[in-house]
Amino acid sequence: MSQPTNDLYGNVVWSSIQYLFVVGILQAFCVLIQYYAFDTSGRRQTNRIRNNLFRAMLQCNVTYFDENQTGRLNSKLFENIEIVGKGIGLDLAQILRSLGKLASSICVAFYGSWQIALIMTYTIPLVIVTGKLFSKAITKETFNEFNAYSKAGHIAQEVFSSVRTVLSFNGAKFAHQQYTQKLEGCQRSSIKKGFVYGLFRGWMYFNLYLTYAVGFLCGLLLMNAKKNLVSLVDILVVVLAFARGIAAFRLVGIFIQSSAEACGAATPAWDFLDNVEAGKSIETGIFEDNNKEKKTSINGNIRFDKVTFTYPTRPDVCVLQNMSLLARAGETTAIVGASGSGKSTLISLLLRFYESTSGQIVINGQSLSNYSVAELRQNIGVVNQEPTLFDTTIYENIRFGKKDASKIEIEEAARLANAHDFIMRLPEKYETVVGERGAQLSGGEKQRIVLARALVKQPQLLLFDEVTSALDRKNEKIVQEALDQACKDRTTIVIAHRLRTIQNANQIYVLDNGTLIEQGTHETLMVIDGGKYQAMFRAQQTKETVYDNDDEMVNKLPEKQLPTTNIDEHPETIFADAKLESLNYVESSVTSQRSIIWRLISMNKLQWIPILIGGLACTCIGAVEPTFAVALSFIINESDNNDFSSSHIDYVRDCLSV
Ligand SMILES: Nc1ncnc2c1ncn2[C@@H]1O[C@H](COP(=O)(O)OP(=O)(O)O)[C@@H](O)[C@H]1O
Ligand SMILES: [Mg+2]
């Protein structure tokens, strides 16, 4: 490479190189800061929103969960926040960058020729106002799209979480149809959003060429009207600067879409947070320190005093009417009655999931509302018919009852719940992971772990809601022994379907259709001729003789012949299949990787009409720029004939050739 001979030329080149070098370093540094700062702030913000939402969801009254599908809540409130994060993170940075470009372009234009620039400023309000209108429309469509997707997501979640029920009822086709139907709704919303967004982009392109047209027209008119006021270079500087500005705003458009999407996605989240703040939640104080609450011990007689209750979601059905009953401290009280008679509702009221419509519940002489929900629940141990376990170790599942429980306390609770021996027989003992909803344990085992979880916090009050009703006779016996052991010296309310399990209760209440119809001990109730309890007990006795025989039959079968259809009880079969499937997957994934592009293309076969039309539109867009160059060369040639200085023309030609 030859050295510059001219000093001045050498200096200019050298300082330009220095300038470019410094600009390069500065640019690199600013880009680093931009990405780091906006990404970090975006992440922090989304995590904060997620945290607030999670907290708010837990503070909702149970009624909220009765009314809303949890799957939809999850996608509405958590997945969408990812989109919010994108909108307030890097995309926001791009908007600021593009706005900076717009502002600097306008400055350059005014520097070129303030007269033409002034005329061209009409574009600014036009572009900003329409941009805002479009952004509003896109937000609306995005909101609809999210709603549609969360509906489809809810179906998928429900189907896959109960896949065994779906398959056993041959419901796969029906479930698939429902999912497809919801997906069609999503597609409609997405297409509508795409149309609005395309309209916006098209409008911005139109504005770009309008800018060229108006700029050249006004510039040339001004030039003809008054020589030396503006030159062709000035016109070009202004027009190109404004065009750059609009192009920058077009880029803003891309990010306006993502910030509009962010707004659309954030709307349900803010609505939810506002509602929780405005609503009268019973769930106050649930985030207070549990250990502190432990100091308050609640024990004594539990009295339902003329309690009437209607579920907020079904205001026309009175579930409990004028219910009065007493559960004495340290004794076992049983509640029996037909399904739907309101037994579980009594427990929900006692746990303050709902507030009674009238009447009151009193514990130890104090109305339930005088206790905070946290201290109340701290003193109550509940076991339901459906054992709910989390997908973690047995230790952690039991520890959920008392967060600071030591291993010794946990094992003690497990012994009390008749669970220790079977846990010790598991390969990983207390470290065994139980699978989703305890899928790797049998029903009886799950119930005993749940009982241990209720006992580990050493509650004063125990509530058992049909704990053994889903178990076979053998498991029922083991769990029942554990329950009997646990209720000793505790105030216990037992809801039972099988009456033989509550014969020894100190007091039995019989409910029918939300009202109390009989009360007494097993012996006193059995002597009421024509009484409901007596009838229920006798009916069950006859039934159980038949069932007992069936149980015995099963027990007598040699092990090989035991029915193995219940996958819940035999998790290893599922895992064996899962392993095989995963092997097949590894093999097939190699081949599918190779053909993946062709598969995608062939899947698009059905879409050839929109793809063809879209392709033609893309080609036309591509052809616009060269056409514009031709139009511009005409303008310059015309100006050439209008005796402009040749240096100007050369400059413009240079510009266009770049
Ligand atoms: N979350 C709820 N929302 C509305 N109605 C409910 C709800 N839970 C139960 N019910 C209704 O209340 C009545 C009593 O239910 P429940 O107390 O569960 O009866 P039981 O436990 O005696 O079988 C039933 O008619 C049931 O349909
Ligand atoms: Mg019930």
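**Ground rules.** I work with a predicted model, in which local features need pLDDT of at least 70 and side-chain atom pairs count only at pLDDT 80 or more, while totals for chains, interfaces and linings use all residues. Residues are numbered from 1 along each chain as its sequence is written, chains are lettered from A and ligands numbered from 1 in the order in which they are written, and side-chain values use heavy atoms, with hydrogens and water left out.

**Sheet.** I looked up the strand order and found E6-E7-E8-E3-E9-E10, an open sheet of six strands with mixed pairing. Strands are DSSP runs (E, at least two residues), as are helices (H or I, at least four), numbered from the N terminus; two strands pair if DSSP finds at least two bridges between them. E6 (380-383) and E10 (515-520) are the edge strands, each with a single partner, so one side of each has no neighbour in the sheet. From one strand to the next, the twist averages 15°. I then checked E9 (residues 507-512), which runs antiparallel to E10 and is joined to E10 by five bridges. Leucine 511 stands opposite leucine 516 in E10.

**H17 on the sheet.** I noted that H17 touches E3 (332-337), E7 and E8 (491-495), and that its direction makes about 155° with that of E7. Contact means heavy atoms within 4.5 Å. Axes are lines fitted to C-alpha atoms, for helices over the stretch in contact, and angles run from 0 to 180 degrees between N-to-C directions.

**H16 and H17.** I found the axes of H16 (residues 443-455) and H17 9 Å apart, at an angle of about 10°. The two are therefore roughly parallel (under 35 degrees; over 145 is roughly antiparallel). Among the residues that meet are Leu451 and Leu455 in H16 and Ile478 and Val479 in H17. By class, this contact has seven nonpolar, three polar and one charged residues (Ala, Val, Leu, Ile, Met, Phe, Trp, Tyr, Cys and Pro are nonpolar; Asp, Glu, Lys and Arg charged; the others, Gly among them, polar).

**H6 and H8.** I found H6 (residues 123-161) and H8 (residues 172-225) packed at about 170°, with their axes 9 Å apart. That makes H6 roughly antiparallel to H8.

**Threonine 468.** I located threonine 468 in the loop between E7 (461-465) and H17 (473-487). Threonine 468 is buried, at 6% relative accessibility (buried is under 20% relative accessible area, with a 1.4 Å probe and protein chains only). Leaving out residues up to four places away in sequence, threonine 468 touches Glu476, Val479, Gln480, Leu483, Arg498 and Thr501.

Technical notes. Buried means under 20% relative accessible area, exposed over 50%, partly exposed in between (1.4 Å probe, protein chains only). Angles under 35 degrees count as roughly parallel, over 145 as roughly antiparallel, 65 to 115 as roughly perpendicular and the rest as oblique.
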